[in-house]
Amino acid sequence: MNPQKRNSMKQTFEEAIANRRSYYQISNESPVADEEIVRIIHETVKHVPSAYNSQSTRIVLLLREEHKKLWEIVKKVLRMMLPEEVYAKSEKKIDTSFASGHGTVLFFEDTSVVGKFMEAYPLYADNFKTWSQHTSAMHQFTIWTMLEELGFGASLQHYNPLIDEDVKRTWHLPKEWILIAQMPFGMPLSAPGKKDMKPLEERVKVFG
Ligand SMILES: Cc1cc2nc3c(=O)[nH]c(=O)nc-3n(C[C@H](O)[C@H](O)[C@H](O)COP(=O)(O)O)c2cc1C
């Protein structure tokens, strides 16, 4: 689909799911007012289910200079860790695929909430950590698809745990929050790459 035209008509839920892709070339333009981005995040946080209705997901939305600050943190950490030529490649990718965007959504899980459920339901204690990850994933997919619906292109990144301490210090976030994923988004500058799809018969079985 032509990236510039994606927002010209409302998509059905099914269409939005099919059109959500990973976009790695994005600009800092925005097809909507920032309030609209905040609105879809509020709607997601209100309505997406969580294990035992624990509501353990925490979201931080970084826009413009705050978003750029995040990717400077990622570069700073990688620069310290990677050989020079490997770092140079990562830096280029970060600059054109992530930092170049309009914003980044950070997904956290509040371990103090998860811990309370582990104490309250000792029989399922081990499951709560897994369910917390599932809960985060549901929020990630919903926001990813809703950003697509607004006309943005996004991708999903995982520089945690390397950046966790810097991120929490920079935005004064509670120590109980663990960073799960980063979702940079912006105006798509190119169509997403071709996607390999395994045959459905291998992946879906229907009985009855
Ligand atoms: C759990 C999960 C973790 C992922 N981690 C990364 C990541 O760290 N970096 C990245 O560029 N893409 C990541 N992706 C994106 C996938 O590579 C991508 O969704 C997949 O190749 C299908 O492509 P599509 O998003 O265009 O449909 C992740 C996706 C999922 C579901």
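A residue counts as buried when its relative accessible area is under 20%, as exposed when over 50%, and as partly exposed in between (1.4 Å probe, protein chains only). By that criterion, 8 of the 8 residues of strand β3 (residues 103-110) are buried, so β3 is largely enclosed by the rest of the structure. This is a predicted model, in which local features need pLDDT of at least 70 and side-chain atom pairs count only at pLDDT 80 or more, while totals for chains, interfaces and linings use all residues. Residues are numbered from 1 along each chain as its sequence is written, and side-chain values use heavy atoms, leaving out hydrogens and water.

**Confidence**

- The protein averages a pLDDT of 95, and 96% of the residues score at least 70; pLDDT is the predictor's confidence in each residue, from 0 to 100.
- Among the elements, which are DSSP runs numbered from the N terminus (helices: H or I, at least four residues; strands: E, at least two), β2 has the highest mean pLDDT (99) and helix α1 (residues 13-19) the lowest (94).
- Over residues 1-5 pLDDT stays under 50.

**Strand β3 and its partners**

- Gly103, Val105, Phe107 and Glu109 point one way from β3, whereas Thr104, Leu106, Phe108 and Asp110 point the other way.
- Strand β2 (residues 57-63) pairs with β3 in the antiparallel sense over 7 bridges, where pairing requires that DSSP find at least two bridges between two strands.
- Within this pairing, leucine 106 of β3 is the bridge partner of valine 60.
- Strand β5 (residues 177-188) also runs antiparallel to β3, joined to it by 8 bridges, and its methionine 183 stands opposite valine 105.

**Histidine 67**

- Histidine 67 belongs to helix α3 (residues 64-81) and is buried, with a relative accessible area of 0%.
- Not counting residues up to four places away in sequence, histidine 67 touches Leu62, Phe98, Ala99, Gly101, His102, Gly103 and Thr104; contact means heavy atoms within 4.5 Å.
- A polar atom of the histidine 67 side chain lies 3.4 Å from the backbone oxygen of phenylalanine 98.

**Ligand surroundings**

- Around the ligand are Arg20, Arg21, Ser22, Tyr24, Trp144, Leu156, Gln157, His158 and Lys195, each with a heavy atom within 4 Å of the ligand.
- Oxygen atoms of the ligand are 2.7 Å from a side-chain N or O atom of serine 22 and 2.8 Å from a polar side-chain atom of tyrosine 24.
- A nitrogen atom of the ligand lies 3.0 Å from a backbone N or O atom of leucine 156.
- Taken alone, the ligand exposes 620 Å², of which the protein buries 52%; accessible areas come from the Shrake-Rupley method with a 1.4 Å probe, and for residues only the protein chains shown count as cover.

Terms used:
A polar contact is a pair of N or O atoms within 3.5 Å; within protein, one must be able to donate a hydrogen and the other to accept it, and residues adjacent in sequence count only if both atoms are side-chain atoms.
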